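Open the model in your viewer and keep the selection tool ready. This tour makes a few stops.

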Amino acid sequence: MGFWHNVESELEYQGISRKELAFKAGISYAGIGLGIERDSMPGADTALKISKVLNVSIEYLLTGTDAAQNKDTPADNELLNRYRTVVDDLDKI
């Protein structure tokens, strides 16, 4: 998945139109359409504007994942270990 695919997914998830994104980011609507159509990589300034409007990291838009969200804290690990059987049982359902 590329940058524009992730933007499209996020737009759909947040219920934002391409036109609204263009307006809020201060970029052209046509530029968004061309980027999506060509699946091209936008400039850093455009990517930053889009990420700010969507309130997601540029890394998320580029890769579909966010490293900051994937780092577990010791407290997270302790909770997961404590409730591992419950989580495993829920996964089976």
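Start with two helices. This is a predicted model. Select helix H2, residues 18-25, together with H4. Their axes come within 9 Å and cross at roughly 110 degrees. H2 is therefore roughly perpendicular to H4, since angles of 65 to 115 degrees count as such. The crossing of H2 past H4 is right-handed.

Now show the side chains at this crossing. On H2, pick Leu21, Lys24 and Ala25. On H4, pick Lys49, Ile50, Val53 and Leu54. These residues make the contact.

Next, move to the loop between helix H3 (29-38) and helix H4 (44-54). Select Asp39 there. Check its backbone: phi is positive, about 50 degrees, although Asp39 is not a glycine. Most residues other than glycine have a negative phi. Is Asp39 buried, partly exposed or exposed? Asp39 is partly exposed, with a relative accessible area of 49%.

Then go to the loop between H4 and helix H5 (58-63). Select Asn55 in that loop. Asn55 also has a positive phi, near 60 degrees, and is a residue other than glycine. Its relative accessible area is 70%. Asn55 therefore counts as exposed, the cut-off being over 50%.

To finish, display both loop residues with the helix pair. Asp39 sits in the loop between H3 and H4, and Asn55 in the loop between H4 and H5.

Terms used. Residues are numbered from 1 along each chain as its sequence is written. This is a predicted model: local features need pLDDT of at least 70, side-chain atom pairs count only at pLDDT 80 or more; totals for chains, interfaces and linings use all residues. Side-chain values use heavy atoms; hydrogens and water are left out. Helices (H or I, at least four residues) and strands (E, at least two) are DSSP runs, numbered from the N terminus. Buried means under 20% relative accessible area, exposed over 50%, partly exposed in between (1.4 Å probe, protein chains only). Axes are lines fitted to C-alpha atoms, for helices over the stretch in contact, and angles run from 0 to 180 degrees between N-to-C directions. Angles under 35 degrees count as roughly parallel, over 145 as roughly antiparallel, 65 to 115 as roughly perpendicular and the rest as oblique. A crossing is left-handed if the near helix is turned anticlockwise from the far one by less than a right angle, and right-handed if clockwise. Contact means heavy atoms within 4.5 Å.
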